[in-house]
Amino acid sequence: MHGKRSQFLTFMLSVGLAFFYIPLILLMIYSFNESKLVPVWGGWSVRWYEVLLQSEEVWGAVALSLKIAFVNASVATALGMLAGLAMVRFGKFRGRTLFGGMLVAPLVMPEVITGLALLVLFISLKELVGWPDQRGFTTITIAHITFSLAYVAVTVQARLTGMGTTMEEAAADLGAKPFKVLTAITLPRLTPALLSGWLLAFTLSLDDLVIASFVTGPGATTLPILIFSRIRVGLRPDINALATIMILFIAICVTIAAILLFRQQRQDKLNQKFAEGN
Amino acid sequence: MGAIKLDAVDVMTEIPILKYNQNGSSIIQSLMQRIQRHWRAIVIAIPFLWLLLFFLAPFFIVAKISLAELAIASPPFTRMIEWTEGGILTVRIVFDNFRYILSDSLYFDTYVNSLKISVTSTFLCLLLGYPIAYAIVRSGPVARPILLLLIILPFWTSFLLRVYAWMGLLADQGTINNLLIAIGVIDEPIHMLYTEFAVYIGIVYTYMPFMILPLYANMEKLDGSLNEAAADLGSRPTNTFFKVTLPLTTPGIIAGSLLVFIPATGEYVIPDLLGGGNVQMIGRVLFNEFSRNSDWPVAAAVAIVLLVILVVPIIIFQHFQGKAAEAP
């Protein structure tokens, strides 16, 4: 389904890309503005980066957010992998419809609902079993895992469907037990999907404001919570500097992940051709 | 978790009965044996239980709180089931919160306004996103992955920062006004930030990748020979588009539209940062009811009503996702 691209389509594509990137590029340019007033240009300077690097509050928030993102990504990848395997490779099992529904719903559920729901859960749990005794790192991480695992599961499902069962069938024909097939064939071939799922979960966690705001407790300020509290009052040059660092960091991560996935897809197509005997 | 039954469907479905050397079987060995025998049930059970506890159960608690009354206590609501003096079990269910929400025109108008904004934004995303997705599909094999990456990048970039970028553009002293004044188009800045217009821009900007990506995935699978066949039979390109391409991309349109519509209806950050106090959306009301007024029962009732409004779109979305996951 490719070939000619009409002038109208090329025009729309250019408008779309300009719409996507101009705001971000301007945001980054203004981070190098000497002036305290963001939109008033006062010459090039890196002073806001210096302000940023000296702020203990910012460093504390960065550390907390990275810690949450790391634990979240690791647990969500493990759980999402299991969920994806169950959905694609296990055929029918009792509760599959409910399970599939719970895996998809977090993708679209408005954050205010998820956030409120998790908060009341944590409060009820505390009353019932005395845990979690305080809200902060643990509660935010659990909340993030709950929605991140859905994204990982989608990635894993797509990969499992994409790679087909040919290799697994071959291994089984050669006498490998199902558990052996899983560990020797399926999991290694899942690695790129797991890696990109991990990265996705990591960035989703770094990005979340609303759910974290609901389930956090006193003293636990994540990076988005800090940014939000500052930009609610208006534009701030130090936030432009922080934004520039975050955007560049994410751009590098995504590009690496995309290259990994793209390579894998090409390999799949080659394997398929090979299997078909062409 | 022996309750989960596994039906044999694919090659991996057979549960192995491993013959282990029983002599000197340690605890670890028997544990390993158990894991190997029941690994399939374990694989399902771990994420299943996680989602039951942290995703499904909370909604029942929200529903329970929505039927309670505000109380000066911690947590700030009355108990549904209580042992009163003399060992009598009392069950209190109050529908006041729902009556309050449904009778107060403020809430009603806010729900209507949220739906109006999310439906319009979804339509705008479709109108802009469709040609973009189509343009990427029609691009050459070298340009395609690059263009796709360019669309995915903003989707991964912090949502909050993308909204913030528009604050800088739309402010009275912002980039757009400065530019227009500098080139002499206007004398006075146009008031754009903290208006409904800004909220539309924010939603279309941040949710657009959610529209483009499913559309792209759908269009990528289309068979180009259908278009050629239509052309051979004398159909003009516009006609072919409306009679062949558009109907075939309906699944992508539905998936993309729901991915925008459902979360946008409950949006909190965009109306708060770009709409200021001037644009009422239900996500913002819910957040404020909970955080500023600490009225949890009303916040819970607002959430339940929102969920009831969105439950049909969510089910349709699940249906489409399920189909997409099973398609080879």
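Trainee: B:Glu267 is found in the loop between helix H10 (250-265) and helix H11 (269-273) of chain B. Why does B:Glu267 count as buried?

Mentor: This is a predicted model, and the label rests on a count of neighbours. A residue is buried if 20 or more other C-beta atoms lie within 10 Å of its own; B:Glu267 has 27 C-beta neighbours inside 10 Å, so B:Glu267 counts as buried.

Trainee: Which residues does B:Glu267 touch, leaving aside those up to four places away in sequence?

Mentor: B:Glu267 touches B:Ile203, B:Met281 and B:Gly283. B:Arg40, by comparison, is 227 residues apart from B:Glu267 in sequence and 39 Å apart in space, C-alpha to C-alpha.

Trainee: What makes helix H12 (residues 282-291) of chain B largely enclosed by the rest of the structure?

Mentor: Eight of the ten residues of that helix are buried, and therefore H12 of chain B is described as largely enclosed by the rest of the structure. The buried residues are B:Ile282, B:Gly283, B:Arg284, B:Val285, B:Leu286, B:Phe287, B:Glu289 and B:Phe290. Two of these, B:Leu286 and B:Phe290, are touched by A:Leu116, as are A:Phe214, B:Val62, B:Ala299, B:Ala300 and B:Ala303, not counting residues up to four places away in sequence.

Trainee: Which residues have the most contacts inside the largest nonpolar core?

Mentor: They are A:Leu116 and B:Val302, in a core of 173 residues. This core draws at least three residues from each of domain 1 (11-66) and domain 2 (96-326) of chain B.

Trainee: How many residues of chain B are in contact with chain A?

Mentor: The count is 92 residues of chain B, against 84 residues of chain A, where a contact requires C-beta atoms within 7 Å. Helix H1 (residues 27-66) of chain B gives the largest share of chain B's side, 19 residues, and by class that side has 67 nonpolar, 18 polar and seven charged residues.

Trainee: How do you know where in chain B the confidence stays under 50?

Mentor: The per-residue pLDDT stays under 50 over residues 1-24 of chain B, a stretch for which the model has 45 contacts beyond four places in sequence. Chain B as a whole averages a pLDDT of 85, with 90% of the residues scoring at least 70, and the model scores ipTM 0.89 and pTM 0.88.

Notes
Residues numbered from 1 in each chain as written. Chains lettered and ligands numbered in written order. Predicted model: local features only at pLDDT ≥ 70, side-chain atom pairs only at ≥ 80, totals over all residues. Contact = placed C-beta atoms within 7 Å. Helix = DSSP H or I, 4+ residues; strand = E, 2+ residues; numbered from the N terminus. Nonpolar A, V, L, I, M, F, W, Y, C, P; charged D, E, K, R; others polar. Core = buried A, V, L, I, M, F, W, Y, C linked by C-beta atoms within 7 Å. Buried ≥ 20, exposed ≤ 12 C-beta atoms within 10 Å, placed from the backbone. Domains from an automatic or database assignment. pLDDT = per-residue confidence, 0-100.
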